[in-house]
Amino acid sequence: MRMVDLYNGGILILSTVTTFGLYMILSGVDSPWFAFAEHAFVGTAIGLSVVVATDYIFRTIIPRILSNPAANWPTIVSVILGLMMILRVHSSTVHLARIPITIATAAGIAVSVRAEIFSGIINQIKATILPLMGLGTWWDFVVNVTVVLSVLFVFTFYFYTTEIKGPLQTANKIGRYILYLAFGVLFAQTYMGRLGLLLGLLQSFIQPYYPNGAVTVVVVVVMIVSTWLLHKRYPELLEKLTPE
Amino acid sequence: MAHIDRRIYYAAVFLLTALLLIYPLGLPLAISPEVRHTYEMVENLKPGDLVIINFCLSASGYQQLQGACNSMIDHVFQKEGVLVIFTMTADQAPIMLEGIIANNGELMAGYSDYPYYEINGKQYGVDYVNMGYYPGLFKWIASLSADFRTALGNNDWYGVDVSEFFDSHDINHARDVDLVISFDSDDGAGDFMNYFFLEYGTPVVQSQIGVMVAGAKVQYNAGNYAGIVPSIRGAAEYQFLANYPGYALTQMDAFSVVQFFLILLMVLGNVGYYGYTRHQKEA
Amino acid sequence: MSILRRKEFFVVMIVFISIFIYIPYFFEVPQALTNLENWFMDTIVIIAAFAVWVGFITATRREVVRIQRRRKGWFYAVVILVLSWAMVVIGLGVSKTNVIFEFLQYAFVLPGDSTIYAILVFYLTSAGARAFRVNSLESALLTFGALFVLLKQAPLGEVLAPWAGPMAIYLQDTIAMAATRVFSVSLAIGSVVLAIRLMLGQEMALVGLVRRVASREEE
Amino acid sequence: MVIHISPIVEGKLSGLIFFLVALALTAYYVQNKKVPYIRRVPAIDAIEEGIGRATELGKPVIASPGMSPSGIGASTVAGLSILSYTAKLCARNDLRLLSPMGGSAESYTTMELARDLVETQYKLEGKEAAFNIDDMPFFSGRQFAWASAYCGMMLREKPATNIMVGVQYASAVYISEVGHEVGAMVISGTTYLSNIACLAASSDYVMIGEEMLAAGAYLSRDPGQLATIRTQDIMKMVLIGILILGVITLSFANEAVITLLSS
């Protein structure tokens, strides 16, 4: 057996275990395969994040500092602040970590909010200001009226500090109905997206990415039979294999 | 009908999709205006234009957008003289991009490994670079828009110094970017829109997974996005326009039929529900 | 280090940071201010890159305790520990293009991620079948909206029910868009007000001064 | 055509005015400390009912402040307020509170804050010993690894109530359906509009978008936060006014409002 086969075979078996192990949650009962897949996934995911984030420091930040340490002293300060963040893990140094947390929170919120004022609020309102007269066709009129009125009604659904009574109550109710209609539409759109994901996944099983269908089938059968056996015949073992 | 074990639904959906992927029916497809618009925007790129292709895409999203990724990247690389910078704001993306590059290009003479691939005549380090993953999502994109070269650094994803690429083409500022294309399962394009479109008017195109379509359409209609390629359906349409075979196009049949299955379930569920309640009333 | 325990220190810091982020955005300012703004943005990316280690260290600590105390299912803790440390040691110590590092990604991360997303279609089908049971005006509207769009989206639907297309486009471009728009506007307003409250020193819990806030609630 | 006043950056005038108005209003309400009228959101009853249910059944409660994919934002703050309130009730009723942390590359700070908040609530109730940091494990900064670990936790612990309020992406439906399957009462809140139809089917109570912010403020019982909701309402009324004015003027081919917004 060549190394390449061993490598591909290993990927094939382990990825099948991960995939179908996670699928086993659809049966609604816990299975050791699910627990294994879940823990393996969490473990590798934690590792991957650490590697790619730290790699960024080594690839971009450190060369920048080394190229000209005197001119890049602000970057050195940034790295020190970053290192202080790690002090969060010990109770005696928690308060030192508050400085980077404060910077990250305050600057993070400010950076995102200042752009959101435009993209999230002003441009949206600007796009809703549509003319109701002097339009080409009656259909344009219907579309514009629907957009403007829907926005107004849904807004009234989100008033919290005003008592909802009188005409506001009617508007609130209409807003609620519009929301429900919109949920239906959005659900259908979402469904389409999810379906696309399932199709992509199944396709990757059918197409050559997984070279050996027989291995996949064997692995899946082993997983299903072993879970069934554990549930029917060896409940004590199953109990032992279930994490707390 | 009112109480079907939900596992029966699961099995039915699974079987339907698997069957239709193996035996596609070849159903017709209509092109939506937004995808056509996006296609024309890429088609109209001029020599010397700089394109950022960003991946804010996890492996799961790639299953859905691989048609869009491959056909759009192939299309951009067909345009003569267009420069490309690949960036990534999702940590799984580098390994996926390697697959896409290998799929659409071939190794340059004298090299045996990534990143030295030639795609439609474009050479690595001369016409395009792969800058890899950057943490911080919107924070990094904000800092990219403020201080382009510093935020990118000089080393590409493989640690090779590519400052020559930027210097020779005189790329120094976020203003130099002419188009941003983002493949998203998280809102990368939204951040590019906030910091590139709002600051410098750079057009931003998003190809997004299904859940994000509704939100993206709002941004597209508000003029914040210059173009969108929505989910697998948009991917199939783009592939059709760009004449790029495979992927999304073959998935569309299963796609149609399973949606009909859901419609059927909705109808049956209601019929069953009313039958059931009436039955109870009579009893 | 008592200054680090004082609220005022952090309030001043937040106000300082906020001003240097907002002012260069709204006003034309000298280059020095812009440089400071850029430094802040650069710094938060670097802090974000280091923050990942906090998660890694706390996760390691938890799993080690699980193994030490031989808690039920402790061998799963071994799985997490071994895999996360293997990823870190190989990825940082050897190279991120190393065969084993890529092997672990192909074996666990990529299939895991894709699977969960694909599982959703099953849950959506079952949840959808329950959600679209018409027993009130609300659910009728929900069903009505979904039906048209499903008919339009499936390429087959366009052939069988050509009338569904225009209706679905109308609903998508007006009703659904309006609802999404208000949704995003109201949340954006929420964020703006939160940012201002933070600037006014009203949200100190967010920078780690929790106890003061929690005890104030209690009063 | 846009209005340009030096030294304001071109095209930023409208945003600046909006920001300053919000600043003035918030400052006024923070100073004033007068608690405004607030509609009681039904979600609060739902949370109390959920805790009551857990007490009756003697089962744990599982709660999460969401995955905070873009750092700490308004929705995450609402999620944290609700988590903190849940922790208080759990401590008071001697319930075990499970809270899976993580979910995105930005969730690290949220995790630390959540742990602090929960611990503080236990301390304030005098149940310091009952707080166990291992019940708030970190399940990686990746959405689906976190979601599957969340579901695994639910399968094993069979919680009576699952409270998931905060920023939730696609994984919300997955978590709430599994919660529904293991017999938990599910209370969810999300900013993801397209999920709501499904969440409504699988949860017992859903908070729709801003409802979540109102609930968070209501539960925090902080006059400042409550006043914030008032500010938000006023800003919305202002926007409605601008919208109506804009539509009317534009119908008569007058682009003044559009010009102002573009400035």
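**Exercise 1.** In this predicted model, find which residues of α7(C) meet α3(D), and work out how the two helices are oriented to each other.

*Solution.* Begin with the residues: C:L187, C:G190, C:S191 and C:L194 in α7(C) meet D:A74, D:S75 and D:V77 in α3(D). Next, sort this contact by class, which gives 4 nonpolar and 3 polar residues, with no charged residues. Then turn to the geometry, where the axes of α7(C) and of helix α3 of chain D (residues 74-92) lie 8 Å apart and form an angle of about 75°. Since angles of 65 to 115 degrees count as roughly perpendicular, α7(C) and α3(D) are therefore roughly perpendicular to each other.

**Exercise 2.** Describe the contact between chain C and chain A by its residues, its buried area and its salt bridges.

*Solution.* Start with the residues, of which chain C and chain A contribute 113 each. The area buried between chain C and chain A is about 10,500 Å², and carbon and sulfur atoms give 79% of it. Within the area that chain C buries against chain A, the residues C:F50, C:K72 and C:Y76 supply 7%, more than any other three residues.

Across the interface, 19 residue pairs of chain C and chain A are in polar contact, both residues being at pLDDT 80 or more.

Finally, examine the side of chain C that touches chain A: α4(C) provides its largest share, 26 residues, and the residues of that side divide into 80 nonpolar, 20 polar and 13 charged.

Conventions
Residues numbered from 1 in each chain as written. Chains lettered and ligands numbered in written order. Predicted model: local features only at pLDDT ≥ 70, side-chain atom pairs only at ≥ 80, totals over all residues. Heavy atoms only, no water. Contact = heavy atoms within 4.5 Å. Buried area = accessible area lost by both parts, 1.4 Å probe. Salt bridge = Lys/Arg side-chain N within 4 Å of Asp/Glu carboxyl O. Polar contact = N/O pair within 3.5 Å; in protein donor to acceptor, adjacent residues only side chain to side chain. Helix = DSSP H or I, 4+ residues; strand = E, 2+ residues; numbered from the N terminus. Nonpolar A, V, L, I, M, F, W, Y, C, P; charged D, E, K, R; others polar. Axes fitted to C-alpha atoms, helices over the stretch in contact; angles between N-to-C directions. Parallel < 35°, antiparallel > 145°, perpendicular 65-115°, else oblique.
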